[in-house]
Amino acid sequence: VLAGVASLVDLGAYDGAMARAGRVLERGQALGYEPLEAEAHLRMGAAQLEAHRPELARESLSLALASAVRSGHDEVAAEGLARRMWILAEPLGLVTLGLHDADLAGAFVAHLGD
């Protein structure tokens, strides 16, 4: 189902992508399965970013990062962090704020090995 979110984003169907990611998020919350919540927040943030809603995307990616760290889903945490840093630096123009997470990003790269 989450793969469908990326496909909808690729097609420019951002509202559909966000709706689908929201349904997955609700399912993850109902199950109490935080790795699924983390991935849903990540996909939601990606869709929001493409829909030119950087503030919403930043919030979703922060939630993805927190859920992913809590649940040990390191790849999602790293991707959420990288996307959030880019949003801060580029669409929001807050380069200095985005760079505050550079050490954390480096730690994820060292931990994940790529």
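First, the ground rules. This is a predicted model, so local features need pLDDT of at least 70 and side-chain atom pairs count only at pLDDT 80 or more, while totals for chains, interfaces and linings use all residues. Residues are numbered from 1 along each chain as its sequence is written, and side-chain values use heavy atoms, with hydrogens and water left out.

Okay, the big picture. The protein chain has seven helices and zero strands; helices here are DSSP runs of H or I with at least four residues, strands are E runs of at least two, and both are numbered from the N terminus. The C-alpha trace spans about 35 × 30 × 20 Å along its principal axes. For 114 residues, a compact globule would have a radius of gyration near 13 Å, and the 14 Å of the protein chain agrees with that. That radius is taken over C-alpha atoms, and the globule rule is 2.2 Å times the number of residues to the power 0.38.

Of the 114 residues, 41% are buried. Buried means under 20% relative accessible area, exposed is over 50%, and partly exposed is in between, with a 1.4 Å probe and protein chains only. Now take the contacts, meaning heavy atoms within 4.5 Å. Among those with a separation of 6 or more, 52% come from residues 24 or more positions apart.

On to the helix pairs. Helix H1, residues 2-11, and helix H2, residues 14-31, have axes that come within 8 Å and cross at roughly 165 degrees. The axes are lines fitted to C-alpha atoms, for helices over the stretch in contact, and angles run from 0 to 180 degrees between N-to-C directions. So H1 and H2 are roughly antiparallel, a label for angles over 145 degrees; under 35 is roughly parallel, 65 to 115 roughly perpendicular, and the rest oblique. Who meets whom? On the H1 side we have Leu2, Gly4, Val5, Leu8 and Val9, and on the H2 side Tyr14, Gly16, Ala17, Arg20, Ala21 and Val24. That contact divides into eight nonpolar, two polar and one charged. Nonpolar covers Ala, Val, Leu, Ile, Met, Phe, Trp, Tyr, Cys and Pro, charged covers Asp, Glu, Lys and Arg, and the others, Gly among them, are polar.

The second pair is helix H5, residues 74-89, with helix H7, residues 102-112: they pack at about 150 degrees with their axes 10 Å apart. H5 and H7 are therefore roughly antiparallel too. Among the residues that meet are Leu81 and Met85 in H5, and Leu104 and Phe108 in H7.

Now the single residues. Tyr14 sits in helix H2 and is partly exposed, because its relative accessibility is 24%. Leaving out residues up to four places away in sequence, Tyr14 touches Val9, Ala47, Glu50 and Ala51.

Next, is His41 buried or exposed? Buried, at 10% relative accessibility.

Finally, His52 is in the loop between H3 and helix H4, 54-71. At 70% relative accessibility, His52 counts as exposed. Its phi is near 60 degrees, a positive value in a residue other than glycine.
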